[in-house]
Each structure stands twice: as structure tokens, then as C-alpha cells.
Amino acid sequence: MQEFSDALLLAFELIFSGDKDLIEIIGLSLRVSLTAMVVACALGLPLGAILAISRFRGRRPVLVILNALMGLPPVVVGLLVYLHLSRAGPMGSFGLLYTPTAMIIAQVILILPIIAALSRQILEDLNAEYAEQFLSLSVPRRAVISALLWDGRYALMTVALAGFGRAIAEVGAVIIVGGNIDHLTRVMTSAIALETSKGDLPLALALGFVLLLIAFAVNAAVMSLRLTTGRYANV
Amino acid sequence: MSKKSSSLPPLSALQTTSLSLEYDGVRYIDDIDLSLEPNRLSVIMGPNGAGKSLFLRLLHGLIIPSAGQVFWNGVPVDDAVRQRQAMVFQRPVLLRRSVAANIDFVLNLNGNRHRCNDILDNIGLLDFANQPARSLSVGEQQRLALARALATEPEVLFLDEPTASLDPASILAIEEIVTQAHKNGTRIIFVTHDIGQAKRLAEEVIFLHQGHLAEHTPAQAFFNAPKSKAAEAYLDGRILL
Ligand SMILES: Nc1ncnc2c1ncn2[C@@H]1O[C@H](COP(=O)(O)OP(=O)(O)O)[C@@H](O)[C@H]1O
Ligand SMILES: [Mg+2]
């Protein structure tokens with residue numbers, strides 16, 4: 001127990017002294033996961049919108065698969081990306097393995113289904129409300145999509161945050177494709193997982209604490225967005 | 001550039017031939033043959049469930065008939081025809097945006113040069129321009145929906161019981177805007193089950209009953225002496241099923 005309270009004390013010291021290694025790790029985590037979120041939204045939101053307004057044969061199965069992909073295990077994603085990026089793999093020549101880019105790619109794959117599936121649900125409801133009016137106005141398809149994305153923006157921000165929350169908290173994928181290399185690919189979760197076993201408890205605890213704070217902040221943001229959505233929609 | 005194209009014949013005359021609509025084997029619109037002259041203010045009446053809303057949707061090409069056809073000046077209703085028409089629904093469907101943005105949305109769609117502020121000023125909503133559209137009262141929302149429909153410069157305007165749940169002042173405002181649009185040459189097809197409203201607006205009445213066309217009569221004759229038993233009972237205030 002003594003060991004633990006010492007470590008806790010050291011952890012807070014690290015946080016409040018603004019330890020350089022700590023800041024670097026947090027910074028990289030945010031950079032990787034925010035980039036993954038932006039890329040996944042750029043691809044996933046339009047995909048969700050298209051699925052929301054399209055009726056085609058085989059739509060059901062596509063939606064079932066998409067929903068199932070929301071639960072992709074991060075280690076499996078990590079493994080698949082590893083196989084593609086490793087020297088022997090099809091994209092090995094780019095030399096991306098063990099770089100932040102590899103971590104971003106893995107996280108994009110991990111959260112893209114979440115963004116697409118959740119936004120599809122939201123936009124389908126919105127479209128049900130608008131569809132007949134839009135048909136009456138002969139709104140072209142592209143304008144329908146952008147109108148749905150714009151009018152659903154507050155709800156869609158909660159989707160983006162859900163994706164970000166999943167990305168920043170996952171460890172399986174970033175460890176495999178990043179490798180937790182000091183000053184290069186060490187992010188919060190991989191550091192916690194690996195430094196704990198090496199005995200660097202203060203760093204692990206400090207990172208764990210920051211990660212918790214981020215999780216709380218994301219949830220608070222989602223809740224306040226929900227309130228905003230409600231207010232704007234139903235006054 | 002307005003979406004109205006002067007090279008096309010006007011759309012104001014309507015003809016339906018054996019128009020029918022079935023869902024799951026039940027006929028909700030049954031073999032309606034109707035011809036409407038151009039430029040009348042036509043009111044469609046009938047009890048609840050008579051098929052008024054479905055009929056209006058068929059005329060506007062929002063739904064496809066099971067049998068029969070809809071012609072506007074001889075042109076079968078299609079995307080191009082629908083584009084020159086507009087519809088106001090019983091419950092206004094406003095975008096989750098500001099009042100002004102709701103008007104701008106259709107102005108951008110049509111590349112038309114109306115000024116949003118003039119339109120809002122006309123309907124007395126300029127002061128609310130930057131407010132969320134859904135924060136307006138229902139009456140104001142319906143006025144906005146009507147102004148938005150007119151901003152597309154439709155040749156034909158459909159209204160489906162637009163005042164069914166509104167207060168008298170809002171009803172009056174809507175009726176005045178519709179009357180003005182009619183004077184400006186927009187062909188109006190107005191659905192209502194409010195007899196008073198029909199008397200105020202109608203130049204001719206189309207009476208639907210259980211999916212059938214019960215009668216199509218000039219307004220004065222209709223209110224004096226309807227030809228069909230169904231309309232007679234309805235005007236007498238008897239419950240009509
Ligand atoms: N999409 C639909 N599927 C099945 N039945 C419908 C559908 N829409 C309307 N109906 C039925 O058609 C009948 C006429 O409806 P409607 O045109 O809305 O009547 P109203 O004259 O009151 O506007 C009603 O009995 C209604 O239940
Ligand atoms: Mg109706």
C-alpha cells in the first residue's frame with residue numbers, strides 16, 4: 001500500500017509540475033485520436049447520410065454488418081493494419097509501421113463504423129421528417145445530404161465525440177501498430193499498459209488520471225450538446 | 001433566374017383519368033376522373049379519411065397511383081412538373097434553422113432573386129428572422145411554410161388543411177396570403193374540411209367521399225344545393241362516414 005501512495009504522490013507531482021515526458025505523451029495521444037476522429041468523420045458522416053436516404057437491395061444486411069463493425073476489437077484492427085503495413089505486407093514499402101500515421105490509420109478503421117452507423121440512425125430520423133417536403137421542393141440529392149448534415153450538426157457532434165472517446169481510450173490497436181516507442185509513438189494508453197509492467201507506476205497513474213479527465217470532459221460535452229439539440233429543435 | 005420557364009405551357013389545367021390508389025388491396029382513391037379549368041381557386045372538401053390528402057399527393061406527384069394518370073395541361077406529372085408546383089402540409093415541416101435560413105434554402109435552390117427580407121416583411125416575420133424557425137408559434141410556422149412555398153414561384157400551390165389547428169387570426173393571415181397569391185396568378189388547390197373556410201375561399205368545390213369523387217361543382221351552387229347525398233349530409237352537419 002505504501003508503494004501505491006508514494007506512486008500516487010509522484011503522479012500528482014508529474015501532473016502539476018508539467019513533466020515534459022507526460023505532456024509529450026498526452027500531446028501525441030490527442031493529436032493521433034483527434035486526427036483519426038476528423039478523418040473518420042470526413043468519411044463516415046457522408047457515408048451515414050447516403051445510407052440514411054438510400055433504398056437499395058441488400059440495405060438491411062449492410063446496416064447489420066455496419067452495426068456489428070461498431071464492436072470491432074481494437075487488437076484485431078491492430079493486427080490487420082500491422083499485416084498490411086509490415087515490411088512484408090502490401091503497403092510495407094511506405095515504411096509506416098511504428099509511426100503515428102499507422103496509429104491514426106488503425107484508429108480511423110476502428111471508429112469509422114461507429115461514426116457511420118450512429119450518424120445513419122440520426123440522419124434517417126431527420127430525413128423521415130424532411131423527406132416529403134424535400135420531394136415537394138425537388139431538392140437535389142446532394143443538397144438533401146448537406147441539409148441533413150447541417151441540420152443534424154449538434155447531434156452529429158455527439159457522434160464525433162463518441163468516436164473520439166473510443167479512439168483515445170483504446171490500447172490494443174496503437175500498441176500493435178505503434179509499438180509504444182519513447183518520444184515517437186508512446187500514447188497514454190500504451191504507456192499505461194507497458195509502463196505499469198515495467199514498474200513506472202507514477203507515470204502510469206498520472207496518465208490514467210488525465211485519461212479519466214478527458215473521458216469526463218467528453219461526456220460533459222456530449223451532455224451539453226444534447227441539451228442544445230433539444231433546445232434548438234423543440235422550443 | 002426563376003425556375004419558371006416561359007417556353008413551357010402553363011400547368012394550371014388538371015386532368016385525372018381513372019385515378020386509383022391502393023394500399024394492401026384496399027382502395028383509398030377509387031377511379032377518379034376529374035378535369036379542372038385553369039386559374040380557379042379550387043377547394044377539396046370531404047370528411048376525415050375521405051382521401052383528400054392522398055389525392056393531393058397524387059396530384060403533386062409525391063406518390064404514384066396504382067392505376068390511372070394525372071396530367072397537368074396534358075403533361076403527365078413527373079419531376080419537372082412537380083418542380084413548378086409547391087405544397088403546404090397540414091403540419092409545417094420547417095428546417096432546424098433560423099426563420100431566414102428556411103427562406104434562403106429555397107431561394108438558393110431555385111437561384112431566384114427574391115430578397116429574403118422582403119418575403120419575411122410581407123408575412124410580418126421580419127423581426128424573427130434570426131430566431132430558430134421552430135421557436136415560432138404554430139400559426140407563424142405555417143405562415144413561414146406558406147411564404148417559403150410561394151418563394152419558389154410555383155404555378156400551382158397545394159395546401160393540405162393548412163389551418164386545421166390554428167387560431168382565428170392565423171387562419172385569416174393564411175387565407176389572405178393565399179387569396180393574394182391566387183390574384184397574382186398562382187393556381188390554388190386547397191383542402192379543408194372547414195365549411196366556413198370553403199365558403200370564404202372557394203370558386204369551385206371538389207367533394208370526396210370514401211375515395212370517390214362525389215361531386216365537382218361551382219362554389220355558389222355547391223353551397224346552395226349540393227348534387228350529392230354525401231355533400232348534402234356534410235353541409236347539413238350530419239355525421240358522414
Ligand atoms: N401510407 C398509407 N398506407 C395505408 N393507408 C393509408 C396511408 N395513407 C393514408 N392511408 C389511409 O387512407 C385513407 C385516406 O387518408 P387521407 O387521404 O389522409 O384522408 P383525409 O381525407 O382525411 O386527408 C385513410 O383511411 C388512411 O388511413
Ligand atoms: Mg388529410
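A polar contact is a pair of N or O atoms within 3.5 Å; within protein, one of the two must be able to donate a hydrogen and the other to accept it. In the predicted model described here, such a contact joins the side chain of Asp151(A) to the side chain of Tyr130(A), at 2.7 Å.

Asp151(A) belongs to helix 6 of chain A. With a relative accessibility of 6%, Asp151(A) counts as buried, because the term applies to residues under 20% relative accessible area. Apart from neighbours within four places in sequence, the residues in contact with Asp151(A) are Leu126(A), Tyr130(A), Leu95(B), Arg96(B) and Arg97(B).

An α-helix has 3.6 residues a turn, so residues three or four places apart point the same way.

Chain A as a whole contains 10 helices and 0 strands, and from the N terminus on its elements run α-α-α-α-α-α-α-α-α-α. The C-alpha trace of chain A spans about 70 × 50 × 25 Å along its principal axes. Of its 235 residues, 45% count as buried. Among the contacts in chain A with a separation of 6 or more, 75% are accounted for by residues 24 or more positions apart. The accessible surface of chain A amounts to about 11800 Å², and 70% of this surface belongs to carbon and sulfur atoms.

Arg82(B) is found in helix 2 (residues 79-82) of chain B. Its relative accessibility is 6%, so Arg82(B) counts as buried. A polar atom of the side chain of Arg82(B) lies 3.4 Å from the backbone oxygen of Leu135(A). The backbone oxygen of Gly61(B) lies 3.3 Å from a polar atom of the Arg82(B) side chain. When residues up to four places away in sequence are not counted, Arg82(B) touches Leu135(A), Ser136(A) and Ser138(A) in chain A, as well as His60(B), Gly61(B) and Leu62(B) in chain B.

Chain B also provides the surroundings of ligand 1. The shell consists of Tyr23(B), Tyr28(B), Pro47(B), Asn48(B), Gly49(B), Ala50(B), Gly51(B), Lys52(B), Ser53(B) and Leu54(B). By residue type, the shell divides into 5 nonpolar, 4 polar and 1 charged. Helix 1 (residues 52-59) of chain B gives the most to this shell, with 3 residues. Backbone atoms of the protein approach oxygen atoms of the ligand at several positions. A backbone N or O atom of Gly49(B) lies 2.7 Å from an oxygen atom of ligand 1; for Gly51(B) the corresponding distance is 3.0 Å, and for Leu54(B) the distance is 2.9 Å. Taken alone, ligand 1 exposes 560 Å², and the protein buries 61% of that area.

Terms used. Residues numbered from 1 in each chain as written. Chains lettered and ligands numbered in written order. Predicted model: local features only at pLDDT ≥ 70, side-chain atom pairs only at ≥ 80, totals over all residues. Heavy atoms only, no water. Near = heavy atom within 4 Å. Areas by Shrake-Rupley, 256 points an atom, 1.4 Å probe, with all protein chains shown as cover. Helix = DSSP H or I, 4+ residues; strand = E, 2+ residues; numbered from the N terminus. Nonpolar A, V, L, I, M, F, W, Y, C, P; charged D, E, K, R; others polar. Buried < 20%, exposed > 50% of the residue type's maximum accessible area, 1.4 Å probe, protein only. Contact = heavy atoms within 4.5 Å.
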